[in-house]
Amino acid sequence: MMFETFRTWFHRMGSPKWFYDITGRWIPWFGGIAALCLLVGTVWGLFFAPQDYQQGNSFRIIYIHVPAAILAQSIFFTMAIAGGIGLIWKMKVADMVAKSCAPIGATMTFIALFTGAVWGKPTWGAWWVWDARLTSMLILLFLYFGVIALQSAFDSKQSAARASAILSLVGVVNIPIIKYSVEWWNTLHQPATFTLTEKPAMPMEMWMPLLVMVIGFYCFFATVLMMRTRNEILEREKRTQWVQGLLSSQ
Amino acid sequence: MTDSSVGQISTWRAFTGTLKRDLLLVFRRRSDIVNPLLFFSIAVTLFPLGISPEPEFLSNIAAGVLWVCALLATLLSLDSLFQQDMADGSLEQLVISPHPLFILVLSKVLVHWLVTGLPLTLLAPLLAVMMFLPDEGFGTLFITLLLGTPTLSLIGAIGAALTVGLRKTGVLLTLLILPLYIPILIFGTGAVMATSNGMAVGGHLAILGAMFLIALVMAPLAAGAALKISLNG
Amino acid sequence: MQELLSGQNLACERDDRLLFSELSFSLSCGDVLQIAGPNGTGKTTLLRMLAGLLPDYEGEICFKGQPVLEDPERFRENLLYIGHHPGIKLNLTPEENLRWYQALYRPASAEQIHYALARVKLTGYEDVPCYTLSAGQHRRVALARLFLHPAPLWILDEPFTAIDQGGVKEIEQLLADHARQGGGVILTTHHNLSLPAELKVITLGQSRQQKESFHEKDSQLNTEQVTEQDPFTVDQRGEHD
Amino acid sequence: MHFDSFADFISMGGHGLYVWMAYGLTTVLLVINFVLPVMHKRQLVKEQARKMRREQQTP
């Protein structure tokens, strides 16, 4: 019974029109929650959260650095899963979702890198330190660039989607290996440097805004992802009647 | 039609047949073997010239330089892995032959390693002398390259398969593959440095071996799937 | 006669362009099927699809009544496909080229390979690197596989490209013999085939002509060109790419 | 409220440059990420309108 329900849902999900309609209803909700959480989280993090006893107020960068870093990785996973679904079940919508993930993920990775570097300046006294987290973020950014470059190198949209799906799946297998090896490499070369975010115990007032920001970032990602996928649907299905009707009515 | 269908279809024969054919092709065009080796030697030479010929300094960076250059030499030779087969139509024949595609891909990757990875590994100790690698490091360098270069060929095959159908590959292959090479580089050089510092390297080698096995299982499958896509690009 | 290959409701869409749809056919043992139609109507695509090189299509292809996707290996063992590019390595001799192909299927002795090369008029060229041979001779090396690999189903994309008139006659004879012995052939060609056996023809691109009127002039021209096409013009085109 | 005055808030205990740089660039990038699909959609609608007009002119 459960399985049947899931299958019909999965099947309907594969229909671009259905996906377009349902996400049209979801976008305001996700967008609203995203705006609310980002606003509340920022105000809370900047005004009300206490400052760190070691790092002072530069600590407040954590409220964007950590969510961006989390998102950078989960978007890569989302992209690979969507790509895999598109590859196995030949689902067009999944291909489009995977394609829409890449630029958002690259942005998040860049935000994580940039905020990490800016945070590093007052903490370590240098704009760039070969810290394990920053280094893996840098490699992740390269992986994103690879997927985007491969995506745009193909003439055929179908082949582009398939090829980048394979690349992102290969990337997903590699991400834990890369992370592990970079961390190991880091301990080898810089023993006992203190990392930016790993605190033994953060007080409640410090991590609550962080939680709010993480939720906000996730909702923001969902919103933009749906918007991009909807555009992708419009572009690829522009010969169908429903898209033509929909576009000309606006 | 001949009436002699004596032999049976055998995947092993397809594997060795492809292996023999590709080795023969390389043998006919020897520059495919020599060019990566020349690149390797020249690139290594640039470091003393570009940074400093001081023995103490060079011995510090020797392992890293040798590994990075070996990696780049492999990368540059990957471009042609499937290119010829794509152009002359024999790639189509590989794909529709009654054998699992990953076996045939494996055979091509093996040839690639035999003509680039293996010679690079053999040449590396020689260049290591010029880079003043500490004596203890030689064995480890050789073993890590022996374990690491097949992984480089395997992972590289995925990138080569993904880009073979494109009109202009350019640096795309490098962009796709280099980030995936980083773990191998880290553990390869890490092992050599560890021996130079008198530490045990069993762990490093085990990890390199594990990465090789993962690549051995997964890369031919991924490359095979990528080839099928590239044929339709 | 037993059915060798059949397709039901085949449709192919490449990048939002519908090449053909609702295409059904059936190839029995003893049939020769020609795919005809003007350039760009999907002849090669259809052949690639039938050979299993195209993963996305709609409809179903059956080999001896069984869907190809259920047992692709069995289908592939029984298929001989020669594509647009002959698949010949220029740095290898004809004999070495054929030896590799036979390694993929059933091994052949040197005598068998020499016999096959003799049948395509390449005696004396067995040990010569292929880059010294002409485009027509490359095609002949590929066609020599027809004598070596006893597959019932042949799919040939423009097998007469760059082949001289005498050669075309022989290959036509070969196709007829293969059909008489119970095999099936699917091919595209711009030649007017003269076969003793009955020739089935599928013409692609007709429905499109009806829909898009501006194509009409084009396609009329094409049917005339097909009959008059000189093998040498094809030859030159083949060498360019 | 953690800060005593607005100036205090801006200076962030001497780390103002870093904090505001991080937050500023992030805001810009997030806004760009949001605006791009909106513009893209507008462009798609415009293209469709243009196509409709063309088809009406040459039936």
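Here is a short tour of the model, stop by stop.

Before you click anything, remember that this is a predicted model, where local features need pLDDT of at least 70, side-chain atom pairs count only at pLDDT 80 or more, and totals for chains, interfaces and linings use all residues. Residues are numbered from 1 along each chain as its sequence is written, with chains lettered from A and ligands numbered from 1 in the order in which they are written.

**Stop 1: chain B on its own**

You'll find 9 helices and 0 strands (DSSP runs, H or I of at least four residues for helices and E of at least two for strands, numbered from the N terminus). Its C-alpha atoms fill a box of roughly 70 × 35 × 30 Å along the principal axes. The radius of gyration, taken over C-alpha atoms, is 19 Å for chain B, close to the 17 Å from the globule rule for 233 residues, so chain B is as compact as a globular protein of that length; that rule is 2.2 Å times the number of residues to the power 0.38.

**Stop 2: two helices in chain B**

Now pick residues 31-50 and 101-130 of chain B, which are α2 and α6. Their axes come within 10 Å and cross at roughly 35 degrees (axes are lines fitted to C-alpha atoms over the stretch in contact, with angles from 0 to 180 degrees between N-to-C directions). Show side chains where they touch: from α2(B), look for Ile33(B), Leu37(B) and Phe40(B), among others, and from α6(B), residues including Val115(B), Leu120(B) and Leu123(B). Contact here means C-beta atoms, placed from the backbone, within 7 Å.

**Stop 3: where chain C meets chain B**

Bring chain C back. The contact takes 32 residues from chain C and 29 residues from chain B. On the chain C side, α3(C) gives the most, with 4 residues. That side has 17 nonpolar, 9 polar and 6 charged residues.

**Stop 4: where chain A meets chain D**

Switch to chains A and D: 31 residues of chain A contact 25 residues of chain D. By class, the side of chain A that touches chain D has 17 nonpolar, 10 polar and 4 charged residues.

**Stop 5: a helix in chain D**

Finish on residues 17-36 of chain D, listed by UniProt as "transmembrane region" in an unreviewed entry. This stretch is 100% helix and 0% strand, with its end C-alpha atoms 28 Å apart.

Definitions and conventions: Contact = placed C-beta atoms within 7 Å. Nonpolar A, V, L, I, M, F, W, Y, C, P; charged D, E, K, R; others polar. UniProt positions renumbered as here; feature names shortened; annotations may be inferred.
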